[in-house]
Structure formats: C-alpha cells, structure tokens
Amino acid sequence: MSFPWAKHYEPVNPLMRYLDEKLPLPRLVYNAIGGGYPVPRNLNYMWNFGVLAGFCLVLQIVTGVVLAMHYAANAGVAFSSVEHIMRDVNWGWALRYAHANGASAFFAVIYLHIFRGFFYSSYKAPREMVWLIGVTIFLLMMATGFMGYVLPWGQMSFWGAKVITGLFGAIPVVGEPIQIWLLGGYAPDNAALNRFFSLHFLLPFVIAGAVILHIWALHIPGSSNPTGIEVKKESDTIPFHPYYTAKDGFGLGVFLILYCVMLFLLPNYLGHPDNYIEANPLSTPAHIVPEWYFWPFYAILRAFTSDFFFIPAKLMGVLAMFSAILLWFFLPWLDKGPVRSGHYRPLFRKFFWFGLIPAMAVLFYCGGAPAEEPFVMLSQLATAYYFLHFLVILPIVSMIERPDPLPYSITEAVLGEDKAAVLGENATPGV
Amino acid sequence: MADTTGDAIPGTVTVHDAHDGDGVRRRDFINIAAVGAAGVGGVAVLLPLISQMAPSADVLAESSTEIDVSSVQPGMAIKALFRKQPLFVRRLTPAEIKAANAVDVSSLRDPETLADRTKEGHEDMLITMGVCTHLGCVPLGAGEGENKGPFGGYFCPCHGSAYDTAARIRKGPAPKNLEVPEYEFTSDTVVKVG
C-alpha cells in the first residue's frame, strides 16, 4: 500500500515493541501520517485542507458532545436551553460559538479542498474512489449541518426545516407522504426536532468512519501533487513526518488565527438575527436564506421559476439542486483528459477560472440575496453555465485540448533537472 | 530530524547554516517555540471543556434558600429543598432537648453537642440536611407518623442508620451526624440557608 522505499516502523522501546506485536496501532499511525508515508515533495498549501477538515471534524465532535450535555431536544424548551447555554453554562457561549463557527470553518476548508480537487483533477484514476467517498462525506456534512441548524429552534431553524423537508414534497405522488413521514407531523415540531437531534449526533461519527475510508483509499495510490504526474522514485517523495506535519502544523496555525477572529470578534457575523427569535409557526421571517455554505445550491433551487416541459418548476428546482452535487460523482468519467493538473491544461484552465469559478461566485452571491431581479436571472444564467460546464464543456475540452509538456518527474519539476531523466530509460538522444 | 532524512534525497537542503556557538540552530528554536505554543494552547482549551461540567450559573443561583420557620411547632418538622436536596427543619420539644443533652458526648461516633449544632438563642431549631451520611438516602422521621428510630430522631430505612434527637448518628453504618448546613436567622422567624 506504499512505495517500496517507505521507511519501516522499528520500535526501539521494549514497551512499544510489545505493543507492536499485540496491537500494531502505532505502526498504523506511523504508516499513515508518520515517517512511513512517503508524500510527493512538491505539495503546495492547497494540500493543507484535508488535514484542516479532519481537525474541524474533531473540533465539531468535541464541542458538539459538550453542547449535547446542556441542550434539551424538546420543542418546548430547546430555544431556552440554548439561551441557558449562552448565559448560564460555564464557557457555554464560547463552546456554542465555537460549534456554530466551527461548522462554517468546516465548510470553508471543505470547499477549498473540493476546489483543489477540481483544479488538479484529483478525482482522476487511480483516485476515483477517494473522490467518490469525498463527495459522500460532503453530502453527509450537508445533512448534518442542516439538522444542526434546526436544533436551536429559532425562526430560521423552524422555517429552514419546513423549507428543506418541503423539497421532498416536490416529488410527484409520494412527495407529501414522504414529507409528513420525515417530519413525523404536518409541520416541524417535537417529533422532527428529536429525530434531527438524534441524527445530528449520529452522522458526525458516520462521517468519521467515511473519513477513515477516504484516507485509506488515498493511501493506496498515495497523495496526488500539483504537477499531477505520478511518483516515480524515492527522490520524488519526502516522508510525511516531519515535512508535512510541519507544513500542516503551520497551516493549522494560520487557520486557527482566522477561526479565533471569527469566534471571538465576529461570532454572529455568519448567523441570522432571526434565529434569536423563538420558532413561530404562524410567521415566516421576511428574508429567509440558509447558512452561507448552502447558498450556491439554494440559488440553483430558486433558479427554476417556470415549468420545464412537463416537469413542474418546484420539482425541477429540487432535481437541479440535488443533481448539482450528484454530478460530482460522475466527474472522474466526464473529464477524459489524461493530464491531471490544471497547470498543464491551458484550455481547461481558462474555463475553470473564467467559467466555473465566476458561475459559482454568482450562485453563491445570488443564493444569499432576496428572490427578486436581477438575482433570479443571474442565478439562471449561472445555473445554466454550471451544468453546461460539467456536462458539455469539460468532456469536450478534455478530448480536444493539447496539454502543455509535462516535466519528466516531480524531482525535475522541483529542481529544474532530473539526472534520471537524462540517464534513464526516458533519455532523449543527443541531450 | 531534517539532517538524517535530508541527505538521502537529492536537492533537499540540509540546514547547517544559522549555527551559533552552542550548536542550537534557528530551526530548533522555532520547533520548540511552535510545539510549546501548541502545548500551552492545547492545555488552555481544556479549561472550558472541563469547567463547563461544573454547576452553571442558574444552579449556583439556587444555592441559598429562605425558609419561614414560624409555623413549625415543637415536636414538628418540615422538609424543605436546599440545593435540590431535602432539608429537615425541626423544632425540638423540651423533652427532646433534655434527651439530647443527657448523652455523654465522648461516647458518640461523631462527637458534637446540641449547642454545637444549633444557633444561640434558637437551641430548639434543629436544621439539618435530610441526607443520610452513609449513602445518601433520605432518613425517615421528619414527616408526620414516620418512624423516628430507636433514638427518637431520624431513621434511615436503607441500611438502618439511627439518629438521635440532635440528628447525631447513634447506630448503624453512617459515619457522621446529619450535616448542619451553613445558615443564619435573618429575622426571628426567617432562616436563610446557604
């Protein structure tokens, strides 16, 4: 599962030798994130976000378990139990803000992690399984984030729950029974709140399990790198520890500074004031938007305003929103190009920076804006480009584009020359 | 760390510069400073995670209770709630006071006189926790018609601890007398406990 030159775990301490014989957990860690995992030597800072996402998952589980010690999942007292956490519980304000802003931080690093994958085509063979598990983790995160947002039982919680479960109501014939079944009632109430709490507690551990599979699948081919060419020999790699533990440690420090600025100076910046009003089934807030990390998909949902052939607009919006993510599952097969890194794909790169990224930015902005012109039209244009990009442009570009010349090896990409390239089997006559 | 692995890989710069006379490299300093800061930060994070389990402000706000004792007649007791635990407030009869004072203090398991366990001028008001000092059950004897045990005070049905009229342990497994909480008379008839 690793390169032949990977260093072997050799415990010196007799206790560690005994442990290695009975339960080789330190060996597993050594081979996963220690000196025993050789990593391409040229990873840039975009490769920090996997570790940061792992950190965020731990942060959310720790603060979440603590909050669950004080929170009461009952529609009658949920709202005041959150106020109890904010006012009465020792450090409760810090723990709740850490959890709420931790969710934002988690999505922020995950989006950067995904965009790293888009640009460097990390989804391509032999890492398709890594990508598929990753998209699954993202879906689980969205479900977890949504259900967590319902728990404070404020106005946004309630109407968020109503609107999102309403999405299932768009399914023909069985939609409404499914919605009623999901909520355990005709509108969000105690039954819904209780099941959301139960699942919100469970799913992070499912995510943790999926993360283990994600890393396992990654470690079979080994990490990708900014050139997109595979590791050929030992000089292309360095051990994970100390090189990337140090680099990830630095990235974690920068991340924590930004996180603490949000946590201590702008704790409610990403939240909605309406969620400090207790849930009221008789009054919808004037401007109802989800959390920022759902904005692009929310914009796609709202982009469909009229019936599309025989499909009603409501159903079309829901289908489009789910397809926007489900599409990612097919990415390894939609992008047929043999070259991975965007650095060596001039045409792909143009569509990436001047097509996909602006479209995502527009969707992001429109998702947070009110449902009125010009935002609706902008969402429609951006939605159209989004699907066009993945379903048409990317497959065609990947077939017709002529990639830039690749370096012989990672070593050559880093040092400007690789003696093996001259002397080895790939030597060009006359050089 | 860098030296040992660095040499094996062509092009990896091995840090031999920035040496000072004692052999401490700049990298060592940065390493120790970074790991030290992370360690201090990690320990600091434990503070909120641990103290969040301590009683919260609303629990602490309920940590004192005011009780009007004017309605408690001699020979009668009431049960109140103090910090979510039962509190026995009992007005002793002259006979009970006499019985309590007749005991040789040095023969007791937890030697205390009745005067030690009441306030001056209110020797007939016996205010104790209703929590058996053995394993925390509520002893009988405060309610009307309850078994007061062989010593006329309180009797714990769980494991048979018997307390006398000054709520001192006399028989059974309990190690201590029923606890007298901190309290004061804010007027002749009102007691503030805690």
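**View 1. Strand β6 of chain B has buried side chains on both of its faces.** From β6 (residues 161–164) of chain B, B:S161 and B:Y163 point one way while B:A162 and B:D164 point the other way, and all are buried. Buried here means under 20% relative accessible area, with exposed being over 50% and partly exposed in between (1.4 Å probe, protein chains only). In a regular strand, side chains alternate between the two faces of the sheet. Helices (H or I, at least four residues) and strands (E, at least two) are DSSP runs, numbered from the N terminus.

A quick note on the model: it is predicted, so local features need pLDDT of at least 70 and side-chain atom pairs count only at pLDDT 80 or more, while totals for chains, interfaces and linings use all residues. Residues are numbered from 1 along each chain as its sequence is written, chains are lettered from A and ligands numbered from 1 in the order in which they are written, and side-chain values use heavy atoms, leaving out hydrogens and water.

**View 2. β5(B) and β6(B) make a hairpin.** Strand β5 (residues 152–156) of chain B runs antiparallel to β6(B), and four bridges join them; two strands pair if DSSP finds at least two bridges between them. Look for B:F155, which stands opposite B:A162 in β6(B). Four residues lie between the two strands, and B:G160 in the turn has a positive phi of about 80°.

**View 3. On to the next hairpin, β6(B) with β7(B).** Strand β7 (residues 169–171) of chain B pairs with β6(B), again antiparallel, over two bridges. Here B:A162 has B:K171 as its bridge partner. Four residues separate these strands too, and B:A167 in the turn shows a positive phi of about 60°.

**View 4. Chain B meets chain A.** In this view, 19 residues of chain B are in contact (heavy atoms within 4.5 Å) with 21 residues of chain A. The area buried between them is about 1600 Å², and carbon and sulfur atoms give 66% of that; buried area is the accessible area (1.4 Å probe) that two parts lose on being put together, summed over both. On the chain B side, α1 (2–6), α2 (26–51) and α3 (57–61) each supply at least two residues. The largest share, four residues, comes from α2(B).
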